[in-house]
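Colleague: I am new to this structure and would like to learn how to read its features. Could you walk me through them one at a time?

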Amino acid sequence: QVQLVESGGGLVQAGGSLKLSCAASGRTFSNDAMGWFRQAPGKEREFVAAISWNGGNTYYADSVKGRFTISRDNADNTVYLQMNSLKPEDTAVYYCAVRFSLRVRGTYHYTDGNKYDVWGQGTQVTVSS
């Protein structure tokens, strides 16, 4: 059974940093795309960042570009989201997701959450002003 488990969320002041981790199990993820999404209270889920199967291509929402960095370690089946210069508007539940066997380029393939196959349970990030 494929499972994703996020960790690393918490409470941080504006301008601070957090690093989220997503540990994957149940299959070999080295051929899969991985993504981070978030959902704030009363808002729809939105794309944050994604990374291709080998880490060669990364994609970011405009709102986090230059502040967040996505990376992956295929040997450990783990994907990370380093979040710097956090703002109160980054407050949300952050979800990790996997899209199986995606080995193509193009933003369209990575930013639509409906195309992802399995989701984690989420981790809360709260940024105080």
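Colleague: Let me start with one side chain: is Tyr-116 buried or exposed?

Modeller: Tyr-116 has a relative accessibility of 7%, so it counts as buried. The scale calls a residue buried under 20% relative accessible area, exposed over 50% and partly exposed in between, using a 1.4 Å probe and protein chains only. On that scale Phe-37 is buried too, at 1%, while Trp-119 is partly exposed at 26%. Keep in mind that this is a predicted model, where local features need pLDDT of at least 70 and side-chain atom pairs count only at pLDDT 80 or more, while totals for chains, interfaces and linings use all residues. Residues are numbered from 1 along each chain as its sequence is written, and side-chain values use heavy atoms, with hydrogens and water left out.

Colleague: How do I read aromatic pairs, and how many aromatic pairs are there?

Modeller: A pair of aromatic rings is described by the distance of the centres and the angle of the planes. Rings of Phe, Tyr and Trp (its six-membered ring) pair if their centres lie within 6.5 Å; planes under 30 degrees apart are stacked, over 60 edge-to-face, and the rest tilted. By this rule there are 5 aromatic pairs. In one of them, Phe-37 and Tyr-116, the ring centres are 5.2 Å apart and the planes stand at 80°, so the pair is edge-to-face. Phe-37 sits in strand S4 (residues 33–39) and Tyr-116 in the loop between helix H1 (108–111) and strand S10 (118–119), so to speak distant parts of the chain, 79 residues apart. Helices (H or I, at least four residues) and strands (E, at least two) are DSSP runs, numbered from the N terminus.

Colleague: What kind of pair do Phe-37 and Trp-119 form?

Modeller: Phe-37 and Trp-119 make a tilted pair, with 5.0 Å from centre to centre and 55° between the planes. Since Phe-37 lies in strand S4 and Trp-119 in strand S10, the pair ties together parts that are 82 residues apart in sequence. Phe-37, Phe-47, Tyr-116 and Trp-119 form one aromatic cluster.

Colleague: Which charged residue lies over the face of Phe-37?

Modeller: The test asks for NZ of Lys or CZ of Arg within 6 Å of the ring centre and within 35 degrees of the ring normal. Arg-45 lies over the face of Phe-37, 5.8 Å from the ring centre. Arg-27 does likewise over Phe-100, at 4.0 Å from the ring centre.

Colleague: In what order do the 4 strands of the open sheet come?

Modeller: The order is S1-S3-S8-S7, with antiparallel pairing. Strand S1 (3–7) and strand S7 (68–73) are at the edges with a single partner strand each, so one side of each has no neighbour in the sheet. Inside the sheet, strand S3 (residues 18–25) and strand S8 (residues 78–83) pair over 6 bridges, and Ser-21 stands opposite Tyr-80 in S8.

Colleague: Which residues of strand S11 are on the covered face?

Modeller: In a regular strand the side chains alternate between the two faces of the sheet. Strand S11 (residues 123–128) has Thr-123, Val-125 and Val-127 on its covered face, and Gln-124, Thr-126 and Ser-128 on the uncovered one. S11 pairs in the parallel sense with strand S2 (residues 10–13) over 4 bridges, and Gln-13 is opposite Ser-128. Strand S9 (residues 92–99) runs antiparallel to S11, with 3 bridges between them.

Note on methods. Pairing = 2+ DSSP bridges.
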